Amino acid sequence: MLTATEWEVLALSVSIAGRAVLFALPLALITGWVMARTRFPGRTLLDAVLHSSLFLPPVVVGLVLILLFGNDGPIGEMLARFGIRLIFTANGAALAAGVMAFPLMLRACRQAIEAVDPRIEAVADSLGAGFWDRTFSITLPLAAPGLIAAAVIGFAAALGEFGAVITFAANIPGETQTLALAIYAALQQPGGEAVALRLAGISFGVAIVALLSSEALLAYGRRRSGQ
Amino acid sequence: MISVAIHRTLGAFDLDVAFDGPADGVTVLFGPSGAGKSATLAAIAGSGPIDRGHVALGSRVLFDSATRVNVPQRARRIGWVFQDARLFPHLRVEANLRYGMKRAPKAAQRIDFDHVVGVLDIGHLLPRGVRDLSGGERQRVALGRALLSQPELLLLDEPLAALDGGRKAEVLAYIARLKADFALPMLYVTHSPDEVHAIADHVVMLDHGRVVATGTPAIVGGARVGAEIVGRDEHGVLLRVPHGDVVPGTTLDLTIDR
């Protein structure tokens, strides 16, 4: 049904979006917890900075990533010493997609943590559970449905990310060419509309599968957390 | 024995409470809403800050502003039951009961799981989720959970307030059974004289953040003693009042029910 090239593009897209969620979700969870449960001066400013990629043109985010993670960037140079290169690689594409998806995951994580009644955590404290203990035994299980939703939103946003990925990781078939980038590349070819349309159909299929599986995951999470 | 001396200013509210409670039995903190009863419990449990004062459980000092001792809440070994049961919604009844038990020091395990389950009649609830429990059942599970955390003191913050009349009596009877079965001091907060007479050994009366009286449940008043008319003479009616504690010369306020 799908050609070998189409399978490759599909697998690469899912892999890059998956890696984006894998690195961005833990960060979103930690910052979401900080935003939900702590008060400190400069909190509103930090919140604005964390959400900035939501308001910036994606190409600007790509540019910032080049400046930081490029071969001459401060972080890029440091990583190069360990033999790690991000620019023009699949991991770089995941970084760009993850940075773009981060604010959406942060919001979802924060709301999930805020929905956990602090009085329930206080009971766990009085029953002898320390901070990490009650975080893993009470807070995270109760927040699980919201955290699953955060992962799904992040995956969807990373899957469709275009501007930041193409700016930072370029459009390299088999390395950084995701579905969105492949559609763009096809449209650049004379008579490429048919190819683009097939890829668009695949994107639609991925969206449906992702949505259905997230619903199933959410229902499972709600049953488990008794909500 | 529990000894408490707490001073704390909270906005316009000034809490200045000092009392001693017996090492077993039930000490009731009695007073109207806003008297500082729950704030006192929170300070003893270690969840509310204290400006200065002293809280000790027997020889174990939990808080002392002079020597800068402040044992964190989870290390105080104090069980706390609230008017809303606050069960963990994602855990079944048995996992709720075992939550504090698993975390208590091995050396302190003296309250037995099966014993508590038996006394509270919750054996049939163990595999159930907590969402479909009745109010009385939820409160019994909350009592069991606090008790199984192997506490040295049990705090009960208006444990019957969220229950309707019939359930109140049911849960109160279970609390009385806990008192009889486990040698554990309890601090019980209420503003209901009926609960005082049903459960208290010792009463600390609070008002406006101060202790206004301490003593036996009789100081609360409202005791139903069932006086009986035994005769008449030229002064009026002769009543026989079966109340052992009353010394000659005590003034009694009588309320006639019918």
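**Chain contacts, strand pairing and core of the predicted model**

In this predicted model, 18 residues of chain B are in contact with 17 residues of chain A. Two elements of chain B, β7 (78-81) and α2 (93-103), each supply at least two residues of the side that touches chain A. The largest share comes from α2(B), with three residues. By class, this side of chain B holds eight nonpolar residues.

The overall form of chain B was examined next. Chain B contains six helices and 13 strands. The C-alpha atoms of chain B fill a box of roughly 70 × 50 × 35 Å along the principal axes. The radius of gyration of chain B is 20 Å. A compact globule of 258 residues would have a value near 18 Å, so the figure for chain B agrees with that expectation. Of the 258 residues in chain B, 39% are buried. Contacts in chain B were also sorted by sequence separation. Among those with a separation of 6 or more, 68% link residues 24 or more positions apart.

Strand pairing in chain B can be followed through β4(B). Strand β1 (residues 2-10) of chain B runs antiparallel to strand β4 (residues 52-57) of chain B. Six bridges join the two strands. β4(B) and β5(B) form a hairpin, with two residues between the strands. Gly58(B) lies in the turn and has a positive phi of about 60°.

The largest nonpolar core has 129 residues, and its members include residues of both chain A and chain B. The members that touch the most others are Ala96(A), Ala97(A), Ala101(A), Met105(A), Cys109(A), Val165(A) and Leu155(B). Helix α6 (residues 90-114) of chain A gives the most to this core, contributing 16 residues. The surroundings of Ala101(A) were listed without residues up to four places away in sequence. On that basis, Ala101(A) touches Ala20(A), Ala24(A), Gly154(A), Ala157(A), Ala158(A) and Glu161(A).

Notes:
Residues are numbered from 1 along each chain as its sequence is written. Chains are lettered from A and ligands numbered from 1 in the order in which they are written. This is a predicted model: local features need pLDDT of at least 70, side-chain atom pairs count only at pLDDT 80 or more; totals for chains, interfaces and linings use all residues. A nonpolar core is a set of buried Ala, Val, Leu, Ile, Met, Phe, Trp, Tyr and Cys residues joined through C-beta atoms within 7 Å. A residue is buried if 20 or more other C-beta atoms lie within 10 Å of its own, exposed if 12 or fewer, and partly exposed in between; C-beta atoms are placed from the backbone. Helices (H or I, at least four residues) and strands (E, at least two) are DSSP runs, numbered from the N terminus. Two residues are in contact if their C-beta atoms, placed from the backbone, lie within 7 Å. The radius of gyration is taken over C-alpha atoms; the globule rule is 2.2 Å times the number of residues to the power 0.38. Ala, Val, Leu, Ile, Met, Phe, Trp, Tyr, Cys and Pro count as nonpolar, Asp, Glu, Lys and Arg as charged, and the others, Gly among them, as polar. Two strands pair if DSSP finds at least two bridges between them.
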